[in-house]
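Please review the following briefing on a strand arrangement and its packing. The sequence and structure are shown first.

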Amino acid sequence: MSRVLQLSLTALLGLTLASPALAQVIILPNGHAQASTLSKQPTRGMTMQQVRSQFGTPLKKLAPTPTAPNYPTIARWIYADYTVYFADKHVIHTVVHTGKTAAKP
């Protein structure tokens, strides 16, 4: 009986600790989901120099975080409306901050 109770409590604790991932997603009129974007933001493949010259100096530069061997170092630049993620010196993703107005598709 105690074994069943122990397994039940373990399962309940596991379900309690699991939290859903949150993301800002727009559902387009055609029914497809698309991540939120702004009309003007850095795009994948741009260099750090291109981002700085086109979008200005970021509000904050977070120190690069080393990853496992043979993987690029990830750096983040924070702007007012979005955060830019770099692998080595190239943009890999731009995340629009919650509550910012998305571009019309």
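Two strands count as paired if DSSP finds at least two bridges between them. Helices (H or I, at least four residues) and strands (E, at least two) are DSSP runs, numbered from the N terminus. The model is predicted, so that local features need pLDDT of at least 70 and side-chain atom pairs count only at pLDDT 80 or more, while totals for chains, interfaces and linings use all residues. Residues are numbered from 1 along each chain as its sequence is written, and side-chain values use heavy atoms, with hydrogens and water left out.

**Sheet**
- An open sheet is formed by four strands in the order β3-β4-β5-β6, with antiparallel pairing.
- Its edge strands, β3 (60-65) and β6, each pair on one side only.

**Hairpin**
- Six bridges join β5 (residues 82-87) to β6 (residues 90-96) in the antiparallel sense.
- Within this pair, Thr83 is placed opposite Val95 of β6.
- Two residues separate the strands of the β5-β6 hairpin, and Asp88 in the turn has a positive phi of about 60°.

- Leaving aside residues up to four places away in sequence, Phe86 is in contact (heavy atoms within 4.5 Å) with residues including Met48, Val51, Trp77 and Ile92.
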